[in-house]
Structures are given as C-alpha cells and as structure tokens.
Amino acid sequence: MQDLGIQVLFQGRNFIRLWEGLWVTLRIAVIAMALSILLGFLLGMVMTMHNRAVRCITRLYLETVRILPQLVLLFLVYFGAAKHLGINMSGETAAIIVFTFWGTAEMGDLVRGALISTPKHQYESAGGLGMNKLQTYFYVIIPQTIRRLLPPAVNLLTRMIKTTSLVVLIGVVEVVKVGKQIIDASRYQTPTAALWIYGVIFIMYFIVCYPFSRLSLWLEKKYEI
C-alpha cells in the first residue's frame, strides 16, 4: 500500500501539479500582502487622527474584519458580486480582494500601534532640528515604524499563506484543490493515496512557512522588539 501511495504521488505530472498549485497559493498571498502593506500604512496613519468620526469608522472596519471569518468574506465577495452586482469575477481575484481587505485592517492596526508607541520626544527632537511634519514622518518616524513592523508583518504573511487553503471552496485550483483532484482520481485504485498526498501538502506548507517563522524571530531579536 505504501508503494502504491508513492506511485500515485509521482504518477504522471501529479507531483509537478502540486507545486504548480502551491505557486497559486503563494501568488495570492504575496499579492494580497503587498497591497495590504501599502493600504495598511495609509489606514494606520488615518487611525491615529484625533477626529472622532474617523476613528469610529476605522474601528468599525477593524472589528468587522476580526469578527467575520475569512470564509464568510470569500463567499460574500465571490457569490455576492456575481449575483447582486453582475460581476463575473474569478475565484483568484475574489481571494486577493478578501485577503487584502483582511490584511489591510491587520496592518493598519499594527501601524497605528507602532505610531502611537513612538516616544513623544522623537517628534519634539525633530521639530527642534527644524523639520516640518512631513520631514519628521519621512526621516524619523517611518524608519522606526518599519523596524517595529517587520516581525508582525512576516507573521501576517505566514498566516495569509496558511489561510489561502480556504479558497478551494470557491473553486480556486491551488495546492489543496490539486491534492483533492489527485486523491479523487486514484480513490478506487489506491485508497490510501489521501495520506500521502496530504502528507506532501503538509511538508510543502512547512517548507514555505517555517523560514518566515524563523525570519520573524530573527527580526525580533535583531531589533529587540
């Protein structure tokens, strides 16, 4: 049985198909993460504003993202857009939108925390050197904020990579979907194929996520966060 399971794994292009599915997973996560970083910085700065209405709106957005499961958001965007808005959206596009929506909220809160935790004397010292607000943010505050954000941003990317397994439920052919297709195709000839296929998928996720986990720990120690 073990030999049969291994044969199914390496039969035809099955092993290559798994890596191609993993590439789809990584593409969704990386694109969504890049957009989340850009939008999250803007959101984080907005969240530090003293306007009560703005702070209430951003807090409502953050809590909505944290309360609603990502799977519900995927269904709302993918099926809701098609039915109520008449938009023919691919599953991969819907996934990128949802993960960007989620990641922006998380990054925004991280940026907000980093900004408000910056000691007040940093602003005062920059002002004493004759810097205006824009120069203070660009030369003093943002470099410190980026250093503080690197470890949690890497952790968020790892979470995103793992959570992309949900997109199989809206028809995206990523690594889990490919694995299921291989298992279904060999169900009768090799009943134990699922153990081997999902075992390989586990190893693939580990290979991708473990270096990011170590990188986050290294960054924390380097910057003493």
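Biologist: What should I know before I start?
Modeller: It is a predicted model, where local features need pLDDT of at least 70, side-chain atom pairs count only at pLDDT 80 or more, and totals for chains, interfaces and linings use all residues. Residues are numbered from 1 along each chain as its sequence is written, and side-chain values use heavy atoms, with hydrogens and water left out.

Biologist: How many residues are in the largest nonpolar core?
Modeller: The largest nonpolar core has 51 residues. Such a core is a set of buried Ala, Val, Leu, Ile, Met, Phe, Trp, Tyr and Cys residues joined through side-chain atoms within 4.5 Å. Buried means under 20% relative accessible area, exposed over 50%, and partly exposed in between (1.4 Å probe, protein chains only). Leu-18, Ile-28, Phe-99, Val-167 and Val-175 have the most contacts inside this core.

Biologist: And which helix gives the most to this core?
Modeller: H5 does, with 11 residues. Helices (H or I, at least four residues) and strands (E, at least two) are DSSP runs, numbered from the N terminus.

Biologist: Switching topic, where does UniProt place the "transmembrane region" feature?
Modeller: The unreviewed UniProt entry puts it at residues 28-48, 60-79, 85-105 and 193-212. Positions are in the numbering used here, feature names are shortened, and annotations may be inferred rather than shown by experiment.

Biologist: What is the helix percentage over residues 60-79?
Modeller: Residues 60-79 are 90% helix and 0% strand, with the end C-alpha atoms 24 Å apart. Over residues 85-105 the chain is 71% helix and 0% strand, and there the end C-alpha atoms are 24 Å apart.

Biologist: Which residues form the nonpolar patch on the surface?
Modeller: Trp-19, Phe-202, Ile-203, Phe-206, Ile-207 and Tyr-210, with about 640 Å² of accessible area together. H9 gives the most to the patch, with 5 residues, while Trp-19 lies in helix H2. Nonpolar side chains (Val, Leu, Ile, Met, Phe, Trp, Tyr) are joined within 5 Å, like charges within 9 Å. Areas come from the Shrake-Rupley method with a 1.4 Å probe, and for residues only the protein chains shown count as cover.

Biologist: Is Trp-19 buried or partly exposed?
Modeller: Trp-19 is partly exposed, at 38% relative accessible area.

Biologist: How many disulfides?
Modeller: The count is 0, taking a disulfide as a pair of cysteine sulfur atoms within 2.5 Å. Cys-56 is partly exposed at 48% relative accessibility, whereas Cys-209 is buried at 9%.

Methods:
Patch = residues over 30% accessible without salt bridge, like charges linked within 9 Å, V, L, I, M, F, W, Y side chains within 5 Å. Salt bridge = Lys/Arg side-chain N within 4 Å of Asp/Glu carboxyl O.
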